[in-house]
Amino acid sequence: MPDKSKYDVLIDIGRRRGLFWPSYEIYGGVAGLYDFGPIGVEIKRRIMMEWIRFFIHRQGGLVVEIESPIITPRMVLVASGHEEHFTDPVTECTKCGRVFRADHLIEEQAHVKAEGLSMDELWSLIREHNVRCPVCGGELTKPRPALLLFKTEIGPYKGSPGYLRPETAQGMFVSFKQVFNVARNRLPLGIAQIGRVGRNEISPRQGLMRLREFTIMEFEFFFDPERVEEEAGKYLLGPILDYKMNVLTARDKARGVEEAKTYTVRELLEDKIVSTPWMAYWMAIGNMFLESLGIPPDRIRFDEKLPHEKAHYSVQTFDQEVYTEKYGWVEVAGYSYRTTYDLGRHIEYSGADLMVFRRFKEPRIVRKKTIYPNPARIKELAGEKFGIVMKRIASMDKEELLKTLEEKGYIVIEDVKLGRDAFYYKEVEEKVHGEKYIPHVVEPSFGLERIFYVVLENSLVFEENRTYLKLKPSIAPYDVAVYPLLSGSKREHREMMRIARGIAEALRETGLNVYYDEEGSIGRRYMRGDEIGIPYAITVDYDTLKDNTVTIRHRDSRMQERINIDKLYDRLLELLGRRIDWRSLSRRII
RNA sequence: GCGGCGGUCGUCUAGCCUGGACUAGGACGCCGGCCCCCCAAGCCGGAGAUCCCGGGUUCAAAUCCCGGCCGCCGCACCA
């Protein structure tokens, strides 16, 4: 093993082989921005495809995918609470350099209300009350807003304010009604999106771990909180209940425990560690997803966030973390129970009806007091305003009207005071078939670039005289490499090259992604393929010329098997785990 | 954002302290050729460096000084 760390080797391979490197280098580079190269994009895309397989395709319609814009009108992020939570007034200690929320500091030290004040007002309060650094007592700078949203203008002339989205989630909330209709008004329903987001981090410094622009894969899972047991129950049965995960609970953390414990899904449900069964279900799927990428189970854990660690919208949050040599435990996904927060806020700010109708099992008979205007009496009271007053009453909410009348005994409409006698009261029996409610939301959210890094680091293997990426075939940049044993100008060598090229071409036609290389010695080519994680290599040699056989070299063991070209494709599918035994599957059906 | 350290071909590095003979040297990698029936072999040749950027000092700057950018480490931030 070289004395270099896995991180250093990955940075080296990243640049040399075209996986990733810092962006805009010829202009000095910009912190927090990375390019992905030809090999990097292949791996990244396949990780993304795995995610889609796990969370969308295999869920059989339970989760659907959409795509919404990156550019977001300001109002959307005001409603979501992001603008408020992204623009903290911060002040800095001139002595020790620590940064603080200015308003909080003033409230603590001066005991006056400071929240929501302008930067200037906060500044004068700091001077007036001699607010100091709570750590070292140093003087503080004038507060300034720390805006973590990328601001932009929508429209070139008189642009309206907009932001780049800091998460894709708002796209799902804002379009909830449309997607819900398209999905034929059925809950539970997950709305997924994979897309780029921007966060103007103050000082992004941890390579791919903390980017200013990155890819989120997430979905909002909408469900009826009153029917969780029966609905989630359909999914939480069978083997999944015994599936094990490592969880560090908030309870344990509060007690000072730092090690995660292993729980089955059943235990998470029965011990009420998760606030809703759907949380447990998606955590399990998420864990299986990471395992399928080659992360060992003991290097995956869930870290439940303590109350002060959670985002503003969440009642319960689990971070899913993967252990790395470079950064320790890093968060690759967050699972938040957002309840009705987002839809509720968008209902409030947009005025749109984002509620869902819940049909009762049996229609309910409801006795209801209701009122009607008494036109004769209103005409007396309103005189020539009669028409307009009647119109106003028609547009009012009957329950509100009733409530006002019962509380105050009168109501003023268009300057006309109407007493109880202006209305008829009636007790009616209504058959109610259901009610409206705001669906609850559980949100699993994955950072693609972080997963990319932890997968690479966990796949990197040092052997005595080679370094390679032990990537699962499903996420390798190429399915297979094809090499001629030798590539000189002799007749046999030219023949090997011809056949090897032919094999590569034919395999490409089947849809496999094939790497072809004839430069340098065969050993060197194996190394080049291993370094970017190509799982299998086909070599055309002298025997091929005699009997139409080739060898398949296995990346991990370096073993070779000889096989006739006719059987090559089937064998490859088998090795790549793509040959499905339909007969055993079909047996389940009948 | 604060403090410390650093930045020379794709990578690692020599040179910097003590300014000049540096058209910036080497190794690995890359490309072309020769050789070779299997795991980074060898030989020959080739391409490849705004010495991070800008300014200053000087007859002369990779080298000294200042500012910026980027990176690493610590602190802070990460809704």
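Is D421 buried, exposed or partly exposed? At 42% relative accessibility, D421 counts as partly exposed, where buried means under 20% relative accessible area, exposed over 50% and partly exposed in between, with a 1.4 Å probe and protein chains only.

## Basis of the model

This is a predicted model, in which local features need pLDDT of at least 70 and side-chain atom pairs count only at pLDDT 80 or more, while totals for chains, interfaces and linings use all residues. Residues are numbered from 1 along each chain as its sequence is written, chains are lettered from A and ligands numbered from 1 in the order in which they are written, and side-chain values use heavy atoms, with hydrogens and water left out.

## Domains

Chain A is divided into domain 1 (6-86 + 148-341 + 442-450), domain 2 (360-435) and domain 3 (478-576), with bounds that come from an automatic or database domain assignment. The centres of domain 2 and domain 3, taken over C-alpha atoms, are separated by 83 Å.

## Salt bridges

The structure holds 41 salt bridges, each defined as a side-chain nitrogen of Lys or Arg within 4 Å of a carboxyl oxygen of Asp or Glu. One of them joins D421 to R377, with the closest N and O atoms 2.8 Å apart. This pair links distant parts of the chain, since D421 is in the loop between β19 (416-419) and β20 (423-437) and R377 is in helix α14 (residues 375-382), 44 residues apart; helices (H or I, at least four residues) and strands (E, at least two) are DSSP runs, numbered from the N terminus. R377, with a relative accessible area of 25%, is partly exposed.

D319 forms a salt bridge with K305, the closest N and O atoms being 3.3 Å apart. Because D319 lies in strand β15 and K305 in the loop between β14 (300-304) and β15, the pair ties together parts that are 14 residues apart in sequence, and both D319 and K305 are buried. Within helix α2, R45 and E42 lie three residues apart, about one turn of the helix, and their side chains meet in a salt bridge (3.7 Å, N to O); R45 is partly exposed at 44% relative accessibility. A network of salt bridges links E463, R466, D530, R553 and R558.

## Aromatic pairs and charges over rings

A search of the whole structure finds 33 aromatic pairs, for which rings of Phe, Tyr and Trp (its six-membered ring) must have centres within 6.5 Å, planes under 30 degrees apart counting as stacked, over 60 as edge-to-face and the rest as tilted. W51 and F446 form an edge-to-face pair, 6.0 Å centre to centre with 70 degrees between the planes. W51 lies in helix α2 (residues 38-55) and F446 in strand β21 (residues 440-447), so the pair ties together parts that are 395 residues apart in sequence. W51 is buried at 0% relative accessibility, and F446 is buried with a relative accessible area of 1%.

The charged end of R338 sits over the ring of Y313, 3.6 Å from its centre, and that of R553 sits over the ring of Y526, 4.4 Å from its centre; the criterion is NZ of Lys or CZ of Arg within 6 Å of the ring centre and within 35 degrees of the ring normal.
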